[in-house]
Amino acid sequence: MKRLLFIALMLLTLSMSTVVKAQQEKFTYYLLPTKDEGPWECKYYFLNYNDDIAIADEGQWYAEDADETEWMSGVGPFSNSDDQFLVTRWPSGVRPILVRRHFTLNEQFVAAIADGVVRLHCSYDENPRVWLNGTLIWEKTGWNDNSYFKQRLSKDFRQLMHVGDNVLAVSLQQGQGGGHIDYGLELETTTDLTGIKDIYNGESNGNEKAEVYDLQGRRVSTANSQLTSLRKGVYIVNGKKYVVGK
């Protein structure tokens, strides 16, 4: 009888552990945001012909320490049309483009990346090739119009990221018709990397005129009561961090 009771208790403990694990909270962080989080900073370079991409590849333009002296500083996304991607004009009908985006990681983020899920988000036109810290991690032919391709990075590719400065670079060919590029990296993890204590639940905290900033320091609202209208993520109000849409 005692043996049966022991087994029953073990099974109950295992079941409760499974339930707790299944309900473990997940957090989403944008290592590199796409246009939905606002324009993003980058370095970019227009080439003359599609064949020039291969020549640039030989010079390892995508390397972490590549010389950016003659590159232009700007903001993306890029498009040749007056569409939702247009922040900087890209004459994609006659010029290929190279883009480099830098992002900084600390030890906590690198540890979370090792155990978490990292996805590349990319809306493109056309023929993108994406490099992470000097390694080719993804490429496609053609275009995907206004949608986003989401590619989960393998463990080997996640291990390319390290403490300090990192570079996610992309090349696209010139082509007929439309042309655009918007891309970024998203981390999903069970680790809370913000140390947030305050969770926004749609109720005002009493300061309706407080300015709201995202984690990149951009002001996104002038009243914290508008947080519910923002995309889910982490925001700063009066020096405190809030999670929207958890």
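This is a predicted model: local features need pLDDT of at least 70, side-chain atom pairs count only at pLDDT 80 or more; totals for chains, interfaces and linings use all residues.
1. Now follow α3 itself, residues 107–115. Its buried residues are Phe-109, Ala-112 and Ile-113. They span an arc of only 105° around the axis, so they lie on the same side of α3. An α-helix has 3.6 residues a turn, so residues three or four places apart point the same way. On the other side of α3, Glu-107 and Asp-115 are exposed.

2. Next, the aromatic rings. The whole structure holds twelve aromatic pairs. Take Trp-61 and Tyr-62: the ring centres are 5.8 Å apart and the planes meet at 75°, so this pair is edge-to-face. The cut-off for that label is an angle over 60 degrees. Both Trp-61 and Tyr-62 are buried.

3. Some rings form a group. Ring pairs join Trp-40, Tyr-44, Phe-46, Phe-78 and Tyr-183 into a cluster. Tyr-183 also has a charged neighbour: Arg-101 lies over the face of its ring, 5.5 Å from the ring centre.

4. Look at Arg-100 too. Its charged end sits over the ring of Trp-71, at 6.0 Å from the centre of that ring.

Definitions and conventions:
Residues are numbered from 1 along each chain as its sequence is written. Side-chain values use heavy atoms; hydrogens and water are left out. Rings of Phe, Tyr and Trp (its six-membered ring) pair if their centres lie within 6.5 Å; planes under 30 degrees apart count as stacked, over 60 as edge-to-face and the rest as tilted. Buried means under 20% relative accessible area, exposed over 50%, partly exposed in between (1.4 Å probe, protein chains only). A charge sits over a ring if NZ of Lys or CZ of Arg is within 6 Å of the ring centre and within 35 degrees of the ring normal. Helices (H or I, at least four residues) and strands (E, at least two) are DSSP runs, numbered from the N terminus. The arc is that of the directions from the helix axis to the C-beta atoms.
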